Amino acid sequence: MPISNAPSLIPYNPNLNGNPASATGSAYPNGNPALGYNRPGVRNTDSAVPLHASGPVVHDYASDGPAPGNLALRWIYGSNVAAKNRDPRIQVIQYNEDSFILRQNVCTHWEAPFSYLLFGNERALLIDTGATASARHYPLRETVDAIMTRWGQARRRPNLPLTVALTSGEDIAQNQGLVQFADRPGTTLQPKPLEVMKRFHKLSAWPAGTGKIDLGGRVVEVVPTPGTHKDGISLYDPYTGFLFTGDFFYPGKIQISNDKDFVDSLERLIEFRDGHPVKWVMGGHIEMMFVPGKAYPRFATYKPYERLLQMDPALLDEGLTYARAVAGKSLMLIRPNFILLNDVSPDQRTTVWPESVPNIDPPRPF
Amino acid sequence: MQPEMQRRSFLSLTAAAAVLPAQAALKAATRAPGPRIDFRRSDAAPGAFPAKWICGSSSLMDNIDPPLQVHWYNAHTAILRQNKAYSYEAPFAPLYFGNDRVLLLDEGFTQLRTDWDLRGTVDDCIESWCGRNGSNPADMELLVAFSHLHADHYAGTNQFADRPNTRYMGLTHEEMLGFWGMTNFPEQRVTLDLGGREILIWGSPGHVVSECAFYDSYTHILFTGDMFYRGRCYISFWQPWFDSMQRLIDFVDAHPVSHVMGCHVEISSTGEDYPYGITWQPDEAPVQMTVDDLRHAFEVAKTIKEPGIYFTGKVFLCNQSRGTTTIDRNPYRY
């Protein structure tokens, strides 16, 4: 049966075409089939790729708001007996056609860090590289290569150059996979030493100012955010509206390494957020549980009640309020969506439960 | 349901060794004829610990080690250790063989037999021992006990629930005392006769109330459970722990001890702390310690007046510090 490209005369039917109250806020979460690709004035692209492109596809990354994507899933959460885990070593989620979220299996490393792979017309950007160097245990490069090959075939853009950026060059939970890209052709690696990294991102006024990584129509901004790591940066992608914060701000036990820097960076990041449409703050890990204020301990390899990854950007304000509260003190402070640890052991516990936060015991899997 | 006295029939109590005869004699008569091993010696039976135990891996899902490492300390003593990739607690569990009984102390931190076949491994050990010594595995009574009442030491107990010729300890303080026939815990010292091989057992509360110390009169190994081991000795109750240490010192004053052995190892060979929950200890210290280590720790303990974490050079004495608070620091602090 021939497929007509003409606009359909069938009226919108939420039962058939999707729920208007869907997570994406779109009447057609999977795209209105009646519309063509990238028509003039398109907000964003649900389907950017022509079926039979004759040359390199140029995609318009300009959009009025955050490009939609799908993150309605439960992350793979490890096993009670880690040795018996047979889940994929890297969970790959295609958020939308040009944005991928990669998560390391918690049974290959307990940190279970997230990496992000973003595509533009001229370049791809990998943010963070995971906690395991061994390609046999954690085939990050192989996975990235596979995604880029497939993406390149669809866009007629083979051998797309790749930039690998790290939210912190010193964080061994995020920089270990970098070695896998050492000899990769067409690849630019963010250098690890702080001074060289500043030059790389042209952050001469560190920690003020921002840098840019131009992916071709999609310009990712680099915001210096030292505080948990002295070389910490956050990255902002205007296309998805994601603010990638790595270890600096994430749903988990945030270990503040320098409280003054942490507060200053949060202030700058909030200022940045107020000037840019941020949809979600995307951290580098999840340690919180699905109940407020409770977190998994370090080294846990079975986390069936994890909180979501994405954080509301308004939580940065809460973070700043309580970062000021812990500054200068040796303190663990619990909030519903994150925990601040300042100058205490990473395993610190506290008997102080915050007021007005429901104290719910999470189910124990054992 | 067996009456109380019969339940204790395997014990020859130091005070009144009156209960043993009837059933055991009957069993001895029906037992397949084999040379009974003479476990009596004037010195400690020789034995060896491995140079290195299986100690986890950097990537747990790539761990291909057995769930349970079996090390034969000598021909009549096996020491089992759970793989760190199956449980981060990775407890050690001695398996003592006598002519009539086998004693398993501790059952690890994983419950299901489909996850780790503790029972099958113990059965294999018993079978191989019986093969070497000409006895029938079905005649060997298996005693499944735990050193103390914590889940990382009894989780696998249920695997033995339907095993023939097996007694296992109930998961309460009272059942633990009843199993050993103790009426005056923790001072009372009872003697468990495995058939020519005697295990001395007495209370050593402090880490937890329900804990015992075990002395094997054959190898002279003093098994101190979680009350004293090479790692973080979490002392929940200081005075009972200190008294238990005094009892251990009194014991080693009067008895020859070849090794002091605890349930875990949480320290590297250079004395570095492996933080709570870690699943890879590539450079871990040996499990066995010396009597001098025990004496030294007691001397250090005498100086401790405040709650806190104290390092003796061999072990951490965590006096009423919280279970997962370690001496670990944020490595990125600047």
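Author: Let's begin with a term: a nonpolar core is a set of buried Ala, Val, Leu, Ile, Met, Phe, Trp, Tyr and Cys residues joined through C-beta atoms within 7 Å. Keep in mind that the model we are reading is predicted.

Reader: Thanks! Which residues touch the most other members of the largest nonpolar core?

Author: That core has 86 residues, and the ones with the most contacts to other members are B:Leu95, B:Val102, B:Leu103, B:Leu104 and B:Cys233. Take B:Leu95: leaving out residues up to four places away in sequence, B:Leu95 touches B:Ala78, B:Leu80, B:Val102, B:Leu104, B:Val122 and B:Cys125. Another core, of 64 residues, lies apart from it and includes A:Ile254, A:Ala295, A:Ile334 and A:Phe338.

Reader: How many bridges join strand E8 to strand E9 of chain B?

Author: Five, between residues 198-203 of E8 and residues 212-216 of E9, and these two strands of chain B run antiparallel. For one pair to look at, B:Gly203 has B:Cys212 in E9(B) as its bridge partner.

Reader: Is B:Ser147 buried or exposed?

Author: To judge this, count the other C-beta atoms within 10 Å; 20 or more make a residue buried. B:Ser147 has 30, so B:Ser147 is buried. You will find B:Ser147 in the loop between strand E5 (141-145) and helix H4 (151-154) of chain B. Beyond its neighbours within four places in sequence, its contacts include B:Asp106, B:His153, B:Glu211, B:Cys212 and B:Asp226. B:Thr224 is 77 residues apart from B:Ser147 along the chain, yet their C-alpha atoms are separated by 8.0 Å.

Reader: Which residues of helix H7 of chain B are buried?

Author: B:Leu294, B:Ala297 and B:Ala301 are buried in H7(B). They cover an arc of only 65° around the axis, so they lie on the same side of H7(B). The face turned away from that buried side carries the exposed residues B:Asp292, B:Glu299 and B:Lys302.

Reader: And what do the buried residues of H7(B) pack against?

Author: Their packing partners are helix H6 (238-254), strand E12 (259-262), E13 and strand E15 (316-319) of chain B.

Reader: Last one: how many residues does each chain bring to the contact?

Author: Chain B brings 26 residues and chain A brings 28 residues. The chain B side that touches chain A has 10 nonpolar, 10 polar and six charged residues.

How values were computed: Residues numbered from 1 in each chain as written. Chains lettered and ligands numbered in written order. Predicted model: local features only at pLDDT ≥ 70, side-chain atom pairs only at ≥ 80, totals over all residues. Pairing = 2+ DSSP bridges. Helix = DSSP H or I, 4+ residues; strand = E, 2+ residues; numbered from the N terminus. Contact = placed C-beta atoms within 7 Å. Nonpolar A, V, L, I, M, F, W, Y, C, P; charged D, E, K, R; others polar. Buried ≥ 20, exposed ≤ 12 C-beta atoms within 10 Å, placed from the backbone. Arc of directions from axis to C-beta.
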